[in-house]
Amino acid sequence: MEDDIRRLRPKSSVTDQNYQQRLTSGQMAIRTLQGRLDNAVKRFCTILTENKALREEIDYLLKEM
């Protein structure tokens, strides 16, 4: 029966070990991308804060004139 199963399985079938490696590498890629996204969001928020301060300063200077 095992011979029949081996014969019926395609040669390109993924083994459990292959599947586990792909799953692990996929999870690592997700963690890496989430970290990058988190850093990008933090940088974006910092830039927005600086932008707000500059706009307030510009408004103040325009009113002062």
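Guide: This is a predicted model. We may start with a pair of side chains, K52 and E56, which meet in a salt bridge with an N to O distance of 4.0 Å.

Visitor: In which helix do K52 and E56 both lie, and how many residues apart are they?

Guide: The separation of K52 and E56 is about one turn of the helix. The element that holds both is helix α2, and they are four residues apart.

Visitor: Is K52 buried, partly exposed or exposed?

Guide: A residue counts as exposed when its relative accessible area is over 50%. K52 has a relative accessible area of 54%, and therefore K52 is exposed.

Visitor: How many salt bridges does the rule give, and which side chain does D38 meet in one?

Guide: The count comes to two salt bridges. One of them has an N to O distance of 3.4 Å and involves D38.

Visitor: Is D38 buried, partly exposed or exposed?

Guide: The class between 20% and 50% relative accessible area is the one that applies here. Because its value is 39%, D38 is partly exposed.

Visitor: What distance separates the C-alpha atoms of L8 and E50?

Guide: L8 has its place in helix α1, residues 2–8. With a relative accessibility of 72%, L8 counts as exposed. Along the chain, L8 and E50 are 42 residues apart, and their C-alpha atoms are separated by 64 Å.

Visitor: What radius of gyration does the protein chain have?

Guide: The protein chain has two helices and zero strands. Its C-alpha trace spans about 90 × 15 × 10 Å along the principal axes. A compact globule of 65 residues would have a radius of gyration near 11 Å, whereas the protein chain has 28 Å.

Visitor: What percentage of the residues of the protein chain count as buried?

Guide: The protein chain exposes about 6800 Å², of which carbon and sulfur atoms supply 57%. To count as buried, a residue needs a relative accessible area under 20%. Of the 65 residues, the share that counts as buried is 0%.

Terms used. Residues are numbered from 1 along each chain as its sequence is written. This is a predicted model: local features need pLDDT of at least 70, side-chain atom pairs count only at pLDDT 80 or more; totals for chains, interfaces and linings use all residues. Side-chain values use heavy atoms; hydrogens and water are left out. Buried means under 20% relative accessible area, exposed over 50%, partly exposed in between (1.4 Å probe, protein chains only). The radius of gyration is taken over C-alpha atoms; the globule rule is 2.2 Å times the number of residues to the power 0.38. Accessible areas come from the Shrake-Rupley method with a 1.4 Å probe; for residues, only the protein chains shown count as cover.
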